[in-house]
Amino acid sequence: LCDICPLSTECLAREEGRSDAYPIRMPHAAKKKELLTVAVVTNEQSCVYVKQRDTRGFLGGLYAFPLFQGDLTPEQTFELLEKSGFDEIQFRNPLPSARHVFTHKVWIMKGYHFTAATKSKEWECVSDFSLTAFPGALRVYRECAEMLLAEGSNNDREKKLP
């Protein structure tokens, strides 16, 4: 648009015939990829264990399921759940994979359904998700949890999820 630009008489790029080379666009920085494993843990009272994240930091104050760094197996996830205060843990079935793109990172997630009990005060057992604020990144797992609650997730047969 050199013909209508008020600075065209002063423009070195126009004078040298290089105006099509501007503006110079900076390449987008590569987003860091994080592999995460999500555990949707239900109990016999038909509720799901969640924890409110620290109010400071990334996704502060929102609720989340047990969330672990890495592409973990059910056995590895089981061990981390034990260390997080859960007991009487039983693996039920895998959940769908999910991917969420933030402005600066990408979460690549896999999920598992477990049943368990806990004596830890840090885990809240909820059955009404309308009262808890979850990050959009965990939408797939929130929907799975709601489906598990609706179906009665604690009978002995394995549930098939989408």
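These are my notebook entries on a predicted model of a protein chain.

**Entry 1: ground rules**

I number residues from 1 along each chain as its sequence is written, and for side-chain values I use heavy atoms, with hydrogens and water left out. Since the model is predicted, I note that local features need pLDDT of at least 70 and that side-chain atom pairs count only at pLDDT 80 or more, whereas totals for chains, interfaces and linings use all residues.

**Entry 2: overall layout**

I looked up the secondary structure and found 3 helices and 7 strands in the protein chain, where helices (H or I, at least four residues) and strands (E, at least two) are DSSP runs numbered from the N terminus. Read from the N terminus on, the order of the elements is α-β-β-β-β-α-β-β-β-α.

Along the principal axes, the C-alpha atoms fill a box of roughly 80 × 30 × 30 Å.

I then turned to contacts, meaning heavy atoms within 4.5 Å. Among contacts in the protein chain with a separation of 6 or more, 69% are between residues 24 or more positions apart.

**Entry 3: surface and charge**

Of the 162 residues, 38% count as buried; I use buried for under 20% relative accessible area, exposed for over 50%, and partly exposed for in between (1.4 Å probe, protein chains only). The chain exposes about 10200 Å², of which carbon and sulfur atoms supply 52%, the areas coming from the Shrake-Rupley method with a 1.4 Å probe.

I also looked up the charges, counting Lys and Arg as positive and Asp and Glu as negative, without His and the chain ends, and placing each charge at NZ of Lys, CZ of Arg, CG of Asp or CD of Glu. The mean positions of the 21 positive and 22 negative charges are 1 Å apart.

**Entry 4: cysteines**

The structure holds 1 disulfide, by which I mean a pair of cysteine sulfur atoms within 2.5 Å. The bond is formed by Cys47 and Cys125, with their sulfur atoms 1.7 Å apart, and the link is right-handed, with 85 degrees about the S-S bond. Cys47 lies in the loop between β1 (32–42) and β2 (48–52) and Cys125 in strand β7 (residues 124–126), so the pair ties together parts that are 78 residues apart in sequence. Cys47 is buried, at a relative accessible area of 8%, while Cys125 is partly exposed, at 34%.

I checked further cysteines as well. Cys5 is in no disulfide, and the nearest cysteine sulfur, that of Cys2, is 6.7 Å away; Cys5 is partly exposed, with a relative accessible area of 34%. For Cys144, the closest cysteine sulfur is in Cys47, at 17 Å, which is too far for a bond, and Cys144 counts as buried at 3% relative accessibility.

**Entry 5: backbone checks**

Most residues other than glycine have a negative phi, and most peptide bonds are trans. With this in mind I recorded that the peptide bond from Tyr22 to Pro23 is cis, with omega near 0 degrees, and that Pro23 has its place in the loop between α1 (12–15) and β1. I also recorded Glu88, a residue other than glycine whose phi is positive, near 55 degrees. Glu88 lies in strand β5 and counts as exposed, at 59% relative accessibility.

**Entry 6: single residues**

I placed Thr132 in the loop between β7 and α3 (139–151), where the residue counts as buried at 8% relative accessibility. Leaving aside neighbours within four places in sequence, Thr132 is in contact with Tyr63, Val126 and Arg142.

Asn93, in strand β5 (residues 86–101), is buried with a relative accessible area of 2%. From Asn93 to Ala150 I noted 57 residues in sequence and 17 Å in space, C-alpha to C-alpha.

Met147 is found in helix α3 and counts as partly exposed at 27% relative accessibility.
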